Amino acid sequence: MTTDYEQPSPCPWPTGLPWTAAYDWAIGHMPCPAFRCDAQGAVVGHNAAAERIWGGPPSPVAGLWSGFAALRRPDGTPVAPSDSPAAVAASGALLFPEEMLVKSLDGQSRHVVFHARPLLDGQGRPGGSLCVLTDVSERRRLEDKAKAAEEDRSVFLSMLGHELRNPLAPIMSAATAMRALSADPSISRMAEVVERQAHQLSRFIADLLHAARLDGPAAVPIAQRDTDVGEVLDRAVDIASASMRARGQSLCVDAANRSVGLRCDPERIAQALGNALLNASDYSPAGASIGLRASVGGGLLEASVSDEGMGIEPGHLGEIFEPFKRFAAAPNKPTPGAGLGLSIAKSVAEAHGGAVFVRSAGPGLGTTVTFALPIARPSHCPRG
């Protein structure tokens with residue numbers, strides 16, 4: 001077997017060296033930046049990796065205790081050489097790794113983690129310190145870039161939310177007026193659908209902004225009331241029916257106990273189930289069959305949405321509830337949705353004290369999303 005690097009050869013420990021020379025020998029064989037200071041702070045041993053991160057050989061005066069031109073804490077506070085990790089370790093203290101913002105001799109600024117340990121001489125007395133450095137500048141740069149991207153996204157979504165909310169009020173007012181003024185039952189029913197969906201859209205916009213927070217989606221607010229299985233299922237089907245009709249898909253609903261009472265936020269539960277139905281529709285081919293099953297037992301509502309669509313790679317199952325996470329439905333086909341459906345569904349389930357699970361046997365073998373929700377009312381406790 002061949003490799004693109006040279007296998008390092010063993011480095012036998014040289015016997016008979018003074019303790020200082022033994023440390024310097026070890027430092028010289030380290031692949032990471034490392035140096036040794038004597039009890040007065042002078043850098044008396046270092047390797048080539050240390051010179052690269054310093055930007056040159058250490059200055060006898062300016063490089064005391066670190067080899068850098070200047071040290072600052074991550075918040076920008078200057079650190080005197082006598083307070084550097086190497087100086088504190090030389091006093092005999094055992095330190096945790098500490099991050100510093102450093103200025104190299106060539107003018108570059110870096111984020112560096114100091115691993116400093118005290119050195120003892122041949123008689124066991126403090127004789128300086130040993131430091132190993134880890135350059136985390138690139139990691140910090142990527143973290144700052146990701147944070148800036150998150151902030152930009154939050155600002156954009158906030159602006160988008162305000163713009164989307166503006167037309168909802170006149171839509172709802174017009175729907176209410178249509179229902180009140182028209183004697184035609186069909187118009188009244190259509191106006192009711194418009195009004196209900198406008199209210200639902202308003203909640204979805206709030207969810208979008210909530211899920212886009214920098215610390216991720218938390219439990220959504222809920223308003224519990226008495227309802228039943230049938231109302232929740234009907235609302236969920238109403239959310240996804242248009243998408244399924246457009247794709248020529250069929251929905252099979254299996255719920256023998258529609259009249260069983262629930263104590264929950266029916267709009268939220270319907271939203272969670274509706275999101276799962278929309279996912280099933282988006283990731284299934286035209287004409288596919290999708291199943292919605294609900295059962296009640298021991299105060300638990302178990303509802304599942306099953307499809308025979310694209311399925312999920314086993315390695316992606318752990319990421320399926322992450323906000324804005326999307327997976328391609330098929331080659332050369334745009335990925336549907338914004339990647340919030342199951343993230344919001346999980347938040348809704350957890351807000352009701354329940355959980356949601358996703359199973360898939362793999363690509364092309366379909367997906368089942370199951371909700372386990374402790375919201376069913378005991379059979380001896382009537383609604384109302």
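Predicted model: local features only at pLDDT ≥ 70, side-chain atom pairs only at ≥ 80, totals over all residues.

Reply: Two strands pair if DSSP finds at least two bridges between them. Helices (H or I, at least four residues) and strands (E, at least two) are DSSP runs, numbered from the N terminus. In β14, Phe371 is the bridge partner of Val356. The strands concerned, β13 (residues 355-359) and β14, pair in the antiparallel sense over five bridges.

Me: In what order do the five strands of the open sheet lie?

Reply: The order is β9-β11-β12-β14-β13, with mixed pairing. β9 (250-254) and β13 are the edge strands; each has a single partner strand, so one side of each is left without a neighbour in the sheet. Direction ignored, neighbouring strands are turned by 15° against each other on average; axes here are lines fitted to C-alpha atoms, for helices over the stretch in contact, and angles run from 0 to 180 degrees between N-to-C directions.

Me: Over how many bridges do β12 and β14 pair?

Reply: Strand β12 (residues 300-307) pairs with β14 over seven bridges, in the antiparallel sense, and Val305 stands opposite Val369 of β14. β11 and β12 also run antiparallel and are joined by seven bridges; there, Val296 has Leu301 of β12 as its bridge partner.

Me: Is β14 mostly covered or mostly open?

Reply: A residue is buried under 20% relative accessible area, exposed over 50%, and partly exposed in between (1.4 Å probe, protein chains only). By that criterion β14 (residues 367-373) is mostly covered, with seven of its seven residues buried. Thr367, Val369, Phe371 and Leu373 point one way from the strand, and Thr368, Thr370 and Ala372 point the other way.

Me: Which helices pack on the sheet?

Reply: Contact means heavy atoms within 4.5 Å. Helix α7 touches β9, β11 and β12, and its direction makes about 170° with that of β11. Helix α8 touches β9, β11, β12 and β14, and its direction makes about 20° with that of β12.

Me: At what angle do the axes of α7 and α8 cross?

Reply: The axes of α7 (residues 229-246) and α8 (residues 266-282) cross at roughly 35° and come within 8 Å. The residues of this contact comprise 13 nonpolar, four polar and four charged. In that division, Ala, Val, Leu, Ile, Met, Phe, Trp, Tyr, Cys and Pro count as nonpolar, Asp, Glu, Lys and Arg as charged, and the others, Gly among them, as polar.

Me: Which residues have the most contacts inside the largest nonpolar core?

Reply: In soluble globular proteins, nonpolar side chains tend to be buried together. A nonpolar core is a set of buried Ala, Val, Leu, Ile, Met, Phe, Trp, Tyr and Cys residues joined through side-chain atoms within 4.5 Å. The largest one here has 39 residues, and those with the most contacts inside it are Leu262, Ile269, Leu273, Leu277 and Phe371. Its largest share, seven residues, comes from α8. Leaving aside neighbours within four places in sequence, Leu273 is in contact with Val232, Leu233, Ala236, Ala303, Val305 and Phe371. Another core lies apart from this one and has 21 residues, among them Trp54, Phe68, Ala90 and Val112.

Me: Where is Gly366 found?

Reply: Gly366 is in the loop between β13 and β14 and counts as buried because its relative accessibility is 3%. Its C-alpha atom is separated by 4.1 Å from that of Gly311, 55 residues apart along the chain.

Technical notes. Residues numbered from 1 in each chain as written. Heavy atoms only, no water.
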